[in-house]
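Please walk through this model with the sequence at hand.

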Amino acid sequence: MTIDPVNFAAILAMGVLTYMTRILGFLIADRLPKSGPVRVALDALPPAVLVAVIAPIVMSGPIEAAAGLVVLVLALRLPLIATVAVGVATAALLRLAFG
Amino acid sequence: MTTPLADFRAGLVAVFPTVAAAVPFALILGQQATAKGLTPAEMLAMSSIVFAGSSQLIAVGLWSMPAPVAALALMALLVNLRHVLMGASLSGKIAHFGRLRFVAAFLLTDEAWALSERRALDKPISRTFYFTVALTLFVCWQVASVLGTLFGAYLEHPETFGLDFAFPAIFIALALGFWKGARRTGPVLVASAVVAVAVHATVPGAWYVIAGALAGIAAAVVTAPHEVPASAGEATR
């Protein structure tokens with residue numbers, strides 16, 4: 001169980017910069033207005049970020065798009081864990097069949 | 001108000017699917033790290049100090065001996081810039097955490113953030129709920145990534161089992177919770193998705209998340225109903 005000093009320096013540098021990204025949002029948010037366009041923007045942020053993360057993954061191929069559509073429909077009716085389980089199974093089966 | 005025990009239970013129930021998705025991811029991360037010559041101790045150091053999945057996986061892909069410190073640090077900064085947006089959105093909802101916010105920030109992940117924002121739609125986010133979710137993810141992340149360095153050789157093609165699809169599946173389901181009707185949420189989703197896909201296809205790196213998110217919030221501001229501030233009306237009376 002050894003740690004190379006250069007590797008540790010890289011890990012530490014990554015960690016410090018990553019923490020900065022995490023705390024920066026908290027610090028600037030206190031200075032943001034409670035209404036108006038900035039508020040509208042902040043309220044829209046959660047779905048905007050989620051969709052930006054998901055969209056390229058779902059659009060990466062027909063199997064991902066089909067499995068994504070299945071999840072979308074299921075999520076309206078089933079609890080999260082069941083939705084995810086069926087989504088994963090759908091992706092696996094489609095890859096087995098067409099992959 | 002809910003009791004701490006109820007919040008603890010709600011946190012465990014909420015975090016369970018994300019743990020199920022994060023564990024295979026962490027196992028793969030550990031396996032890849034071993035292939036690059038990183039030791040289990042170095043994996044543990046990275047998982048506990050950086051604690052950010054995508055940037056860790058990309059870092060391991062970029063790793064060489066000696067480590068390219070500046071390139072790895074810059075990459076981590078770019079990949080994790082999305083946390084600024086998440087923190088800005090979450091900040092007001094956890095203002096009552098006080099100094100614990102600095103610990104909460106360290107434990108902020110896509111999963112903890114998304115589950116907390118979802119929770120905030122129905123109930124206030126308590127310390128118990130947030131830290132149950134965030135610390136469970138933290139502990140499982142450490143254990144699974146180190147286990148990956150030890151047993152990763154047996155998990156070479158996780159995509160055959162569709163495990164890589166667990167992460168987008170969770171986020172699709174969570175995103176539905178933010179639906180406030182086609183007029184308000186529709187433009188946000190369309191703008192974010194179109195720009196994210198376009199930037200992902202043309203620009204290397206993780207800029208697509210930032211670009212898509214900014215397009216989404218720009219769409220929200222542009223299409224928002226023009227509101228007359230109540231205070232302005234009173235002031236002219």
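Into which domains is chain A divided? In this predicted model, chain A consists of domain 1, residues 1-31, and domain 2, residues 44-98. The C-alpha centres of domain 1 and domain 2 of chain A are 31 Å apart.

An unreviewed UniProt entry annotates residues 6-28 and 65-94 of chain A as "transmembrane region". Residues 6-28 of chain A are 100% helix and 0% strand, with 33 Å between the end C-alpha atoms. Residues 65-94 of chain A are 87% helix and 0% strand, and here the end C-alpha atoms lie 11 Å apart.

Over all chains, the whole structure holds 7 aromatic pairs. One of them joins B:Phe97 and B:Tyr130, whose ring centres are 5.8 Å apart; the planes meet at 70°, over the 60 degrees required, so the pair is edge-to-face. B:Phe97 sits in the loop between helix H5 (82-90) and helix H6 (101-106) of chain B, while B:Tyr130 belongs to helix H8 (residues 127-151) of chain B; the two are 33 residues apart, and their pair links distant parts of the chain. B:Phe97 and B:Tyr130 are both buried.

A tilted aromatic pair is formed by B:Phe106 and B:Phe138, at 6.4 Å centre to centre and 55° between the planes. Because B:Phe106 is in helix H6 and B:Phe138 in helix H8 of chain B, this pair ties together parts 32 residues apart in sequence. B:Phe106 is partly exposed, at 26% relative accessibility, whereas B:Phe138 is buried, at 17%. B:Phe106 and B:Phe138 also belong to one aromatic cluster with A:Tyr19 and B:Phe51.

Methods
Residues numbered from 1 in each chain as written. Chains lettered and ligands numbered in written order. Predicted model: local features only at pLDDT ≥ 70, side-chain atom pairs only at ≥ 80, totals over all residues. Heavy atoms only, no water. UniProt positions renumbered as here; feature names shortened; annotations may be inferred. Helix = DSSP H or I, 4+ residues; strand = E, 2+ residues; numbered from the N terminus. Domains from an automatic or database assignment. Phe/Tyr/Trp six-rings, centres within 6.5 Å; stacked < 30°, edge-to-face > 60°. Buried < 20%, exposed > 50% of the residue type's maximum accessible area, 1.4 Å probe, protein only.
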